[in-house]
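This report concerns salt bridges and helix packing. Please consult the sequence and structure shown below.

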Amino acid sequence: MTTRPPLDSPASDNRVPSRRPGRHQHKPLPELHLLEHLLQQGAPALRSRILTEVRDGERYLPVYALELGSASHTAPVLLLSGGVHGIERIGTQLLLAQLDTLLQRLNWDRSLQQLLQRVRIVMCPLLNPVGMAHGWRSNGNGIDLMRNAPIDAEQPSPWLVSGHRLGRWLPWYRGKQDQPMQTEAQAFCSLVEEQLAAAPFTLALDCHSGFGMRDRIWFPYSGRRQLLEHAAELHALLQLFEHSHPHHPYLFEPQHHHYRTHGDLWDYLYQRHYQRQQQVFLPLTLEMGSWLWVKKNLRQLTSYTGLFNPLVPHRHQRTLRRHQLLLDFLLRAVDAWQNWLPADDKRRLHQRSAERRWEIP
Ligand SMILES: [Zn+2]
């Protein structure tokens, strides 16, 4: 029996890292270690491939895609991603904890075994391994992967947070104009589009942290004051969740309620998908409210990692537990998508409710 690497040890590197070239050191990456351990443990039911490898000084770090469940191209898909921003380790840790739970339950849980004969879970839990190894938001080239898609915001917010082209020494750098997307972003978009090409229904959850006191579920658009074209379906899904779990902790909002950003990968993927085909694709972002962890432990203010991750062990464990209900709900909602997806009059009602709720004129 192999020893499981620690799942619940918060990151310990508290320094604001240097982004200067030539300063790469081979930093440990426990999340990658745990991911590879779970790959071994979960095979052959858990299928994996390396989407791309990214250079980190003298070494190359893999970006993995994992699949669990139905291999049929026409199965509905739950897509889970994390680690887009390397400093937000908790998103990756949450997905690895969920993967561990799924693998354990698959040994005995007949309802889960049957569900996964119909549904495919696709996971990319660590998209930016170089950023995570060094404790950076950006990737190894200093580029913010969530500002890197070739798409401009309408009425962008005036702050740097919207994304900028000033230079990689500042956070939220988009990269140079007319340059191809970064290797990690390209690999991720190919993975998502490969799934979208045939799946009759796709639901995505991308795990982030670092904004606000509450846990939020964000959805497109980020770059303009407009709801996604599947707003009716999205409203039906969120209402289903609220009715099924009335005491849930989340706020549901379009991201543009807070700030509008250039180069959002989900805006880009959603728009491309909608222009090509009509199958429903609902991309959600879980934005874990990290300011609450800071408020409860002000020492985290002195640590860059502490602004984005729970550092106290019991709060870290609570965070890993807290979102299990949501993840389980999403899996079941994907399986039963035909039971709740609204049509005709119901769809029009949900569309109006979505517009009223999120104040789109
Ligand atoms: Zn993030």
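Asp345 is exposed, at a relative accessible area of 53% (exposed means over 50%, buried under 20%, partly exposed in between; 1.4 Å probe, protein chains only). Its partner in a salt bridge is Arg348, with the closest N and O atoms 2.6 Å apart (a side-chain nitrogen of Lys or Arg within 4 Å of a carboxyl oxygen of Asp or Glu). Arg348 is partly exposed at 48%.

The model is predicted, so local features need pLDDT of at least 70 and side-chain atom pairs pLDDT 80 or more, while totals for chains, interfaces and linings use all residues. Residues are numbered from 1 along each chain as its sequence is written, and side-chain values use heavy atoms, without hydrogens and water.

## Packing of helices 2 and 10

Helix 2 (residues 89-106) packs against helix 10 (residues 324-335) at about 60°, with the axes 11 Å apart. Gln98, Thr101, Leu102 and Arg105 of helix 2 meet Gln324, Leu327, Asp328, Leu331 and Arg332 of helix 10 (heavy atoms within 4.5 Å).

Within this contact, Asp328 and Arg105 form a salt bridge (3.7 Å, N to O). Asp328 belongs to helix 10 and Arg105 to helix 2, so the pair ties together parts 223 residues apart in sequence. Arg105 is buried at 19% relative accessibility, whereas Asp328 is partly exposed at 24%.

## Other salt bridges

The count comes to 19 salt bridges. Arg47, Arg49, Glu67 and Glu194 are linked in a network.

Methods
Axes are lines fitted to C-alpha atoms, for helices over the stretch in contact, and angles run from 0 to 180 degrees between N-to-C directions. Helices (H or I, at least four residues) and strands (E, at least two) are DSSP runs, numbered from the N terminus.
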